[in-house]
Amino acid sequence: MKKTDPDLLLFHAPLLRQGMTTPKAMRDVLYALAPATAASMWFFGLSAALILGACIAGAVMAEWLFASQEARGESLRDASGILTGLLLGLTLPPGLPLWMAFLGGFVGIALGKVIWGGLGHNLFNPALLGRAFLLATFPIAMTTWVPAVSDGGFFQVYAGNLALPFMQAPVDGVTAATPLGMMKFEQEVTPLTNLMFGKISGSLGETSGLLLLLGGVYLWLRRDLDWRIPASILLSVLIFSAILSLVDAVRFPSPLFSVFSGGLLLGAIYMATDPVTSPVTPRGAWIFGIGVGVLVMLIRVFGGLPEGVMYAILLMNAATPLIDRYTQPRVFGRGTDSK
Amino acid sequence: MKKNEFHEEFIKGIWRDNPVFVQVLGMCPMLAVTNSAINAIAMGMATFFVLVGSSFLVSTFRHLIPKQVRISCFIIIIATFVTIADYTLLALVPAVHKELGAFIPLIVANCLILGRQEAFASRYPTKLAVMDAMGMASGFLLALLSLGSVREILGDGALFGMKLFGENFEPWVIMILPPGGFLTLGVILLFFNWFRLKKDEFLEDVAAAERGGN
């Protein structure tokens, strides 16, 4: 019997308690994402809410289905499934059929987390794994972008959203290229203010750079994320694209465009910093971040895809155990050559 | 008793010792050619023919094959049947033959076939060896077919080339590609292991209840 208001509390050491627990950290990330989520609903209306809801439902359902009888409540309470669903939803195009969003959330948790042994054991970021699965499975639906809704059209749902399960989305007349797509295939630059405040086509969460940064600052103040990772990603992208735009300013995007376009901010702040799938050592965090930044630019500039944040982070996730192994600090009192 | 033994040798290959789901043998054709049900059947039939034929020959001549060179003898016998299967498929169903490509000659290297010769056919009488080969080959065929059906239904919305869901079906591209093979096989293995776990638990419960009753 646990008393909620005991007269006398008896503890054994350690007596110093830290307020930070996994559910709290997860909830902090959810709060940090709230502005960007609200913005996605502002720009894409009810569709955004529906897609995010479908992703979260899929993720939570997988959590519930594959949990053992005893752990069933536990894995739902720490909110990590909800966070995975939300993050996945923010990387999806607004016109995606809802059943695909649900499937993505389900696969992300099932193949990205549960199969590895649950929270804290996975090698890859579950949300990005779900997205990679969707991109490989439905390449056309995942790269069909619709323009943001016009003013006052909140309750207007994109026709693609309501496709029946296993059926194709009806062909929507209006599609729009993302800023990165326009840059890559038409050499057309989107103004920076649009990239910062939204009002561009793209996935749900990547339209407003400023709100994503705001959430990042909140997380940094709450000490929920390792600032080295986003800092090194953004810095390496800045430097890489500065060099490129010095070489040829017409063909290659400007540094600020590179940082604010696509899913870079979303990926750098919320996905690369996932404590489970990123290195724990400070030196490792720098190596990880630089690796992600360089890979992003390599894929964007020299690869066939306009956007490379997802694959860059997944590739560096795979390298994380190796990075951790080679950046272990020397144990005090031992030589450098001993293990 | 004798009849029961025959029966047992056949059944074990289909379920208890299924070459794919339990022994995890023959992965190469399993993952490579199961992107449609018809390919899976063709591959399964070819393997069936090769396995039963070579088990028959190996078992018949098991006293004549010198122990020191038995592997090369097995391979020569297997390769003979694979060549027959290769030309038969080419003559009867050239389209499927083209689709399967290099994987028909590669039946020679299927560890399931060589494994059955080494483990069973070279030690047991011909009748049992043929029963065992038929059981194993049927198990392999069923496994290929189940994988091929799942991948064709999801990846193409069709089964044996017939559309199941109408024109608007959204194909799961990944299922036709190699990752789909790994994913489907993984999910089926997951199901098999879960089933065995549940069965063991059930048997333990029954045993415990009986002990308690006594």
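Okay, housekeeping. Residues count from 1 along each chain as its sequence is written, and chains are lettered from A in the order in which they are written. Because this is a predicted model, local features need pLDDT of at least 70 and side-chain atom pairs count only at pLDDT 80 or more, while totals for chains, interfaces and linings use all residues.

So, scores. The model comes in at ipTM 0.81 and pTM 0.85. Within chain B, helix α4 (residues 70–92) has the highest confidence, a mean of 94, and helix α1 (residues 2–14) the lowest, at 77.

Now chain A. We get 15 helices and zero strands, taken as DSSP runs (H or I, at least four residues, for helices; E, at least two, for strands). Of its 339 residues, 50% are buried, meaning 20 or more other C-beta atoms within 10 Å of their own, with C-beta atoms placed from the backbone.

What about the cores? A nonpolar core here is a set of buried Ala, Val, Leu, Ile, Met, Phe, Trp, Tyr and Cys residues joined through C-beta atoms within 7 Å. The largest has 89 residues, and Leu128(A) is one of those touching the most other members. Beyond four places in sequence, Leu128(A) is in contact (C-beta atoms, placed from the backbone, within 7 Å) with Met271(A), Met310(A), Ile313(A) and Leu314(A). A second, separate core has 45 residues, including Val82(B) and Ala121(B).

Methods. A residue is buried if 20 or more other C-beta atoms lie within 10 Å of its own, exposed if 12 or fewer, and partly exposed in between; C-beta atoms are placed from the backbone. Two residues are in contact if their C-beta atoms, placed from the backbone, lie within 7 Å. pLDDT is the predictor's confidence in each residue, from 0 to 100.
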